[in-house]
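Visitor: Could we go through this structure together? I would like to ask about it piece by piece.
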Amino acid sequence: MSWTKIALAPAALLALAGCKETTSSCNIRTAGLAMLTEVTATSASSVRVKTTLLVGGIKSNTYAILDSCDALYAEADGDRKAMSAIEDGVYQATFDAGDEDTEYRVILERKQDETADANSGKLPAPFTITSDFGSDPISRANDTVELTWDPAGSGDDMTLTLADDTAGCFFDKDINVPGDSGSY
């Protein structure tokens, strides 16, 4: 399994308890929006750009719904795509440009306020998960799991994100791994 991920805004774990509030993006000034973006490349030809719009900051539970006064776009290698809503306040676009150093930009165009267009980042070099977990079920209570990847040793800090996309047995968690040791 090879994958690469960059974050264009502060990374945050959005495990929110309580209700999800929403408001029209037209009601909020540009400076009052937090635009959290993740670019995830699972191969050189499969990339997802996902942006969450929050009102007031990254710990907010109020999401901004794009209305006619605003538009959200993602760009890579000169290819510009409108981002589509995948849930309230969360938008995505997909690309086939997953090579190292591909620059991604996210632009929030606004009719009533300042456009936010200085959001960009480049994909790092891809890496491969080299752990062999076998085919037997892994027990959280009884088994120790080591995650390894290659290449390693870049010196960059890493973030390991444990996510349950099926809303199953655990809450998402980010684990900071200082340096690029090649294992956790």
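Visitor: To start, how many disulfides does the count come to?
Guide: The count comes to 1 disulfide, where a disulfide is a pair of cysteine sulfur atoms within 2.5 Å. Please keep in mind that this is a predicted model, in which local features need pLDDT of at least 70, side-chain atom pairs count only at pLDDT 80 or more, and totals for chains, interfaces and linings use all residues. Residues are numbered from 1 along each chain as its sequence is written, and side-chain values use heavy atoms, with hydrogens and water left out.

Visitor: Which cysteines does the disulfide join?
Guide: Cys26 is joined to Cys69, with an S to S distance of 1.8 Å. The link of Cys26 and Cys69 is left-handed, with -115° about the S-S bond. This pair links distant parts of the chain, 43 residues apart: Cys26 is in the loop between strand 2 (21–24) and strand 3 (33–43), and Cys69 is in the loop between strand 5 (62–65) and strand 6 (70–76). Strands (E, at least two residues) are DSSP runs, numbered from the N terminus.

Visitor: Is Cys69 buried or exposed? And what about Cys26?
Guide: Cys69 is buried, because its relative accessible area is 6%, while Cys26 counts as partly exposed at 24%. Buried means under 20% relative accessible area, exposed means over 50%, and partly exposed is in between (1.4 Å probe, protein chains only).

Visitor: Changing topic: how many salt bridges does a search of the whole structure find?
Guide: The search finds 6 salt bridges. A salt bridge is a side-chain nitrogen of Lys or Arg within 4 Å of a carboxyl oxygen of Asp or Glu.

Visitor: Which residue does Lys20 meet in a salt bridge?
Guide: The side chain of Lys20 meets that of Glu87, at 3.0 Å from N to O. These two come from distant parts of the chain, 67 residues apart: Lys20 is in the loop between strand 1 (2–7) and strand 2, and Glu87 is in strand 8 (residues 84–87). Lys20 is partly exposed at 35% relative accessibility, and Glu87 is partly exposed at 46%.

Visitor: And what does Arg29 pair with?
Guide: Arg29 forms a salt bridge with Asp113, again described by an N to O distance, here 3.0 Å. The two are 84 residues apart, with Asp113 in the loop between strand 10 (103–110) and strand 11, and Arg29 in the loop between strand 2 and strand 3. Arg29 is exposed, with a relative accessible area of 59%.

Visitor: Which residues are linked in a network of salt bridges?
Guide: The network links Glu75, Arg80, Arg105 and Glu109. Within this group, the side chains of Arg80 and Glu109 meet at 2.5 Å, N to O. Arg80 lies in strand 7 and Glu109 in strand 10, so the pair ties together parts that are 29 residues apart in sequence. Both are partly exposed: Arg80 has a relative accessible area of 38%, and Glu109 has 32%.

Visitor: Now the surface. Which residues form the negative patch?
Guide: Asp77, Asp79, Asp96, Asp99, Glu100 and Asp101 form the negative surface patch. Patches are made of residues with over 30% relative accessible area and no salt bridge; like charges are joined within 9 Å, and nonpolar side chains (Val, Leu, Ile, Met, Phe, Trp, Tyr) within 5 Å. Asp79 is found in strand 7 (residues 79–82) and is partly exposed, at 33%.

Visitor: What is noted about the phi of Asp77?
Guide: Asp77 is not a glycine, and yet its phi is positive, about 50°. Asp77 is in the loop between strand 6 and strand 7, and it counts as exposed at 63% relative accessibility. Asp101 has a positive phi too, near 70°, and lies in the loop between strand 9 (90–95) and strand 10.

Visitor: Which residues form the nonpolar patch?
Guide: Phe133, Ile138 and Val145 form the nonpolar patch, with about 250 Å² of accessible area together. Val145 is in the loop between strand 12 (127–129) and strand 13 (149–150), and Val145 is partly exposed at 42%.

Visitor: One last thing: which residues does the cis peptide bond join?
Guide: The cis peptide bond joins Asp150 and Pro151, with omega about 0°. Pro151 lies in the loop between strand 13 and strand 14 (158–162).

How values were computed
Areas by Shrake-Rupley, 256 points an atom, 1.4 Å probe, with all protein chains shown as cover. Helix = DSSP H or I, 4+ residues; strand = E, 2+ residues; numbered from the N terminus. Lys, Arg positive; Asp, Glu negative; His and termini not counted. Charge placed at Lys NZ, Arg CZ, Asp CG, Glu CD.
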